[in-house]
Amino acid sequence: MKKVILSLFLSMALLSCVDNGTTFPENGDGVYYGDLVVGDYTQKSVGISVTETSDSTVDVFFDNVKFAAAMPLKIDITVKDVPSRKAGGVLSFSATDIDPYMNREAEPQPEYRFASIAGAVEDGELVLDARMSDDLKPSRAGKSFSFKGTCN
């Protein structure tokens, strides 16, 4: 009996070691890994997915991101229904004044509004630029960030 319990315990421990903490949507198209740059702060090995949700929209998901060294927690951000277009092998998307979903919130969060978000996927590479609205809390207001990553 002890061996069975020990085996179950070890199995559960191994499963938790395998979980790398990512929270990407199950139906995501691809995950791009690269550096997220916010002013003089860079977070390495960030994962961002871009999922086509229709012929003319995408969802952009940022997994476990920080925007400053002093930021105490990493967060997930989903920007839903971003207008997109596909032409000549390039998927491009952009939106202005769009409210993202934070972590597992059911409603978009206007206190994190993006003044702009734009990006393109081409040949397995994602390039993205975004800027937070100016009328947010001072710690977020006007923050600009960029990302460049490849699909592994």
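Is Lys86 buried or exposed, and what is its relative accessible area? Lys86 is exposed, with a relative accessible area of 57%. Here, buried means under 20% relative accessible area, exposed means over 50%, and partly exposed is in between (1.4 Å probe, protein chains only).

A word on the ground rules. This is a predicted model, where local features need pLDDT of at least 70, side-chain atom pairs count only at pLDDT 80 or more, and totals for chains, interfaces and linings use all residues. Residues are numbered from 1 along each chain as its sequence is written, and side-chain values use heavy atoms, with hydrogens and water left out.

**The overall picture**

The protein chain has 1 helix and 9 strands, and along the sequence they follow the pattern α-β-β-β-β-β-β-β-β-β. Helices (H or I, at least four residues) and strands (E, at least two) are DSSP runs, numbered from the N terminus. Of the 152 residues in the protein chain, 36% are buried. Take the contacts (heavy atoms within 4.5 Å) with a separation of 6 or more: residues 24 or more positions apart account for 41% of them. The protein chain exposes about 9200 Å², with carbon and sulfur atoms supplying 54% of that; accessible areas come from the Shrake-Rupley method with a 1.4 Å probe, and for residues only the protein chains shown count as cover.

**Charged pairs**

Side chains of opposite charge can pair when their charged atoms come close. A salt bridge is a side-chain nitrogen of Lys or Arg within 4 Å of a carboxyl oxygen of Asp or Glu. The structure holds 4 salt bridges, including those in this table.

| Pair | N to O distance |
|---|---|
| Asp35 and Lys44 | 3.3 Å |
| Lys86 and Glu52 | 3.2 Å |
| Arg113 and Asp99 | 2.5 Å |

Back to Lys86, which forms a salt bridge with Glu52. Lys86 lies in strand E4 (residues 75-87) and Glu52 in strand E2 (residues 41-52), so the pair ties together parts that are 34 residues apart in sequence. Glu52 is partly exposed at 32%.

Arg113 and Asp99 also meet in a salt bridge. Arg113 is in the loop between strand E6 (101-102) and strand E7 (114-122), and Asp99 is in the loop between strand E5 (90-98) and E6, so this pair ties together parts 14 residues apart in sequence. Arg113 is partly exposed at 26%. As for the pair of Asp35 and Lys44, Asp35 is partly exposed at 29%, while Lys44 is exposed at 58%.

Two strands pair if DSSP finds at least two bridges between them. E7 and E8 run antiparallel, joined by 8 bridges, and Ala120 has Val127 in E8 as its bridge partner. The two strands form a hairpin with 2 residues between them, and Asp123 in the turn has a positive phi of about 50 degrees. E8 also pairs with strand E9 (residues 144-151), again in the antiparallel sense, over 7 bridges. Leu128 has Phe147 in E9 as its bridge partner.

**Positive phi within strands**

Most residues other than glycine have a negative phi. Asn64, in strand E3 (residues 57-65), has a positive phi near 50 degrees and is partly exposed at 26%. Asp97, in strand E5, has a positive phi of about 45 degrees and is exposed at 55%.
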